[in-house]
Amino acid sequence: MKIIDIQEIDNLISLLREMNYLVVGPTIQNGAIIYSQITTSKDLPIGYTDDQSPGRYRLIKDKKESYFNYVVGPQSWKKFLYPAIQKLYTAYFKNNKLEIEREENPTTKYAFIGVRSCEINAIEIQDRIFFGGEYQNSRYKGLRKNCFIVAVNCSKANSNCFCTSMNTGPEVKSGFDLVLTEVINNSHHFFLIDSGSEKGEEVLSKLNTREPDKESLELGNKVIEETKKQITKQLETEDLKDILLRSLESPVYDEVSKRCLACGNCTMVCPTCFCMTVEDYTDFFKTKAERIQKWDSCFTLEYSYIHGGSVRVTTGSRYRQWLTHKLASWHEQFGTSGCVGCGRCITWCPVGIDITEEATKVRRIAEFQTTSMEEI
Ligand code: SF4
Ligand code: SF4
C-alpha cells in the first residue's frame, strides 16, 4: 500500500496513455455520471456527488472537491466490452458471387478508471458468460484480456445499493490492477493506492508515491467502514433460488404487472444483462446487407417469439422471467447470482420497482403459504 497525492492522478492517466491504453473514466454528461474517454483529471466529476432513490437520480454539488464521491451511474463498463450495437458482417455480391466480410475483432486496450467493487463482480460474471464455457465470444474475450482496471473503493453508498447482501462490495477485494481509496477531510486529500497484478505493479512503480503512516491507513479503512454503514437495503439470499423457482405462480407477478411499464430500462442499465438480438439491413439498391447485433431485453414481446407467437405475452410473465433469471436460474447456468446489488435497476426504473422488495414479497408469500398479497 502506498500514498499518492491527488495531482498524481494526472500522471497515472498519462502513463496509461503512453502505454497505448484508451483511458476511460467517469465524466459528467447530461446531468449524470457517464463513462467516457478522459485525458486529464479535469475530465473527472470533481466536486460532484449524486442522490439516488427508486426511480430518481440527481447529480449535485459535493461539499468537498472529491474525485470519486458518487455512486454508480446509469451506464456500466459493459458498454465498452459488450457494446449495445455491433456489426457482425457485411454480405455483398462480387462478380455474381456472394462474399461475406466478417467484422474484425477490435484490438482496443481499455484502461478503466473508477471501477467499483460491484462492477468488477459484474465484469467477472460477464466473463463467465462470454468465455467461461464451451462457446466463446472472441470479441469480448480479446477486449477483456487487454483491459487495465483501476478500481476505487466506494466512499459513499446510496439507498439503492445492496452489494453487502450479494457479497460484492463495497470494498474492492480482487479483479483489479490498481485500487484507490480517496481520503478527503478538512486536513487531508490523498489516495491510498495498491496493486493487484504485475501490470498494476509496473504502473505503480512509475508513480510518485510515499509510504503511508498508521493514521493514513486508518483513514482509508474508515472510508470503507463508513460506506458499509450507509448500506441499509438488504436482500435475503438464503434459499432464495429454490423459493423463486418454487413460486412461479406467485401473485407478486400479477401485482407487479400493474406497475411495470415493460420499458426494459432495468435490463439496459444492468451490468450483467447480456440478452441480444440480431437484425439484417439491406441498402437501398439491395446490393449489400449488414448483420447487426443489438442489446435486447426480456421485457419486449418479441424477445420470447418462438415459431408463430411469443411465449411471454403478459408483463407479469416478463418480469418473472427477469427476476427469476437474475436471482435463481442464473446460478444453474453460470454458477453465481446474476445480480451484484448495484441498485441501477431500482434507480432507473421509471416507476421505482425494487428487485429486493419484489423478491422479498415472493419469499414471504412462499413462507406464509398464502396466495394473498394483503396477508404479507
Ligand atoms: S439486477 Fe439490478 S441491482 Fe442487480 S446487478 Fe442488475 S441492475 Fe444491479
Ligand atoms: S421493472 Fe421498471 S425498468 Fe424494468 S421494465 Fe418494468 S417499469 Fe421498466
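Trainee: Hi! What should I know about the model before I start?
Mentor: It is predicted, and local features need pLDDT of at least 70, side-chain atom pairs count only at pLDDT 80 or more, while totals for chains, interfaces and linings use all residues. Residues are numbered from 1 along each chain as its sequence is written, and chains are lettered from A and ligands numbered from 1 in the order in which they are written.

Trainee: How many residues of each are in contact?
Mentor: 26 residues of domain 1 are in contact with 24 of domain 2, where contact puts C-beta atoms, placed from the backbone, within 7 Å.

Trainee: And which element of domain 1 gives the most to that side?
Mentor: That's α3, with 8 residues. The elements giving two or more residues there are β5 (56–61), α3 (117–131) and α5 (163–166). Helices (H or I, at least four residues) and strands (E, at least two) are DSSP runs, numbered from the N terminus.

Trainee: How do α3 and α4 cross?
Mentor: The axes of α3 and α4 (residues 138–145) come within 9 Å and cross at roughly 140°. Axes are lines fitted to C-alpha atoms, for helices over the stretch in contact, with angles from 0 to 180 degrees between N-to-C directions. That angle makes α3 oblique to α4; under 35 degrees is roughly parallel, over 145 roughly antiparallel, 65 to 115 roughly perpendicular and the rest oblique.

Trainee: Which residues make the contact?
Mentor: D127, F130 and F131 of α3 meet Y140, K141 and R144 of α4.

Trainee: New topic: what is around ligand 2?
Mentor: Its shell includes C260, C263, C266 and C349, along with F299 and I353. A residue is near a molecule if its C-beta atom, placed from the backbone, lies within 6 Å of it. By class there are 10 nonpolar, 2 polar and no charged residues. Ala, Val, Leu, Ile, Met, Phe, Trp, Tyr, Cys and Pro count as nonpolar, Asp, Glu, Lys and Arg as charged, and the others, Gly among them, as polar.

Trainee: And which residues come nearest to ligand 1?
Mentor: Of 13 around ligand 1, C270, C339, C342, R344 and C345 come nearest. That shell has 8 nonpolar, 3 polar and 2 charged residues.

Trainee: Last one: where does P170 lie?
Mentor: P170 is in the loop between α5 and β10 (178–184), and a cis peptide bond joins G169 to P170, with omega about 5°. N167 lies in that loop too, and its phi is near 60°, a positive value in a residue other than glycine.

Conventions:
Contact = placed C-beta atoms within 7 Å.
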